[in-house]
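Here is a short tour of one protein chain, written to be read with the model open beside it.

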Amino acid sequence: MLQIAFIRENQEKVIQALAKRNLDAKTTVEEVVELDERRRATQVELDNILAESNKLSKDIGEMMKAGEKAKAAILKEKTVSNKEKSKKLAETADAIAAELTEKLYTLPNLPADIVPEGKTPEENLNVFEAGEKIRHH
């Protein structure tokens with residue numbers, strides 16, 4: 001399976017190489033890159049919420065030690081909201097990743113650069129041959 005980082009960085013090369021296999025991959029490649037961008041953006045948002053939740057937890061602990069229970073209660077409400085958001089974001093990220101994987105499965109590996117374009121075996125390039133050919137009478 002092609003790696004997403006390779007596809008993202010070499011979109012035109014992937015499209016052109018797969019055209020040698022008589023496959024129009026432009027739409028699929030664009031969809032893969034778009035899904036990857038969505039997955040990455042969702043992951044960044046999730047990471048930010050989790051980092052904020054960690055900070056809030058520390059702040060709540062400090063406020064409780066200082067006897068500021070009212071302020072701590074406000075922050076606790078925020079952590080509950082963050083938990084709900086992070087759960088939804090994690091589900092979204094998982095769904096996007098699954099869709100991305102399915103798209104990647106539809107893209108075959110790239111042919112070697114020396115492979116010529118062609119639709120039939122007769123258009124293939126013979127790059128190495130060894131031994132005697134057996135002739136049938």
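In what order do the elements of the chain run from the N terminus on? They run α-α-α-α.

## About the model

This is a predicted model, in which local features need pLDDT of at least 70 and side-chain atom pairs count only at pLDDT 80 or more, while totals for chains, interfaces and linings use all residues. Residues are numbered from 1 along each chain as its sequence is written, and side-chain values use heavy atoms, with hydrogens and water left out.

## Overall layout

The secondary structure amounts to four helices and zero strands; here helices (H or I, at least four residues) and strands (E, at least two) are DSSP runs, numbered from the N terminus. With a radius of gyration of 27 Å, well over the 14 Å that the globule rule gives for 137 residues, the chain is more spread out than a compact globule. That radius is taken over C-alpha atoms, and the rule is 2.2 Å times the number of residues to the power 0.38. Along the principal axes, the C-alpha atoms fill a box of roughly 100 × 30 × 25 Å.

Contacts (heavy atoms within 4.5 Å) tell you something about the fold too. Of those with a separation of 6 or more, 72% are between residues 24 or more positions apart.

## Surface and charge

Of the 137 residues, 25% count as buried, where buried means under 20% relative accessible area, exposed over 50%, and partly exposed in between (1.4 Å probe, protein chains only). The chain exposes about 10,200 Å², with carbon and sulfur atoms supplying 52% of it; these areas come from the Shrake-Rupley method with a 1.4 Å probe.

There are 23 positive and 26 negative charges, and their mean positions are 7 Å apart. Lys and Arg count as positive and Asp and Glu as negative, leaving out His and the chain ends.

Which residues touch the most other members of the largest nonpolar core? They are Ile 7, Val 14, Val 29, Val 32, Leu 100 and Leu 107, out of 15 residues in that core. A nonpolar core is a set of buried Ala, Val, Leu, Ile, Met, Phe, Trp, Tyr and Cys residues joined through side-chain atoms within 4.5 Å. At least two residues of this core come from each of α1 (4–9), α2 (11–19), α3 (26–65) and α4 (69–105), and α3 gives the largest share, four residues.

Apart from this core lies another, of five residues, including Leu 56, Met 63, Ala 72 and Leu 75.

## Residues to look at

Thr 79 is buried, at 17% relative accessible area, whereas Lys 76 is partly exposed at 42%. Neighbours within four places in sequence aside, Thr 79 is in contact with Leu 56 and Ile 60, and Lys 76 with Ile 60 and Met 64.

Asn 22 sits in the loop between α2 and α3 and is exposed, at 51% relative accessibility. Most residues other than glycine have a negative phi. Asn 22, however, has a positive phi, near 65°.

Methods. The place of a charge is taken as NZ of Lys, CZ of Arg, CG of Asp or CD of Glu.
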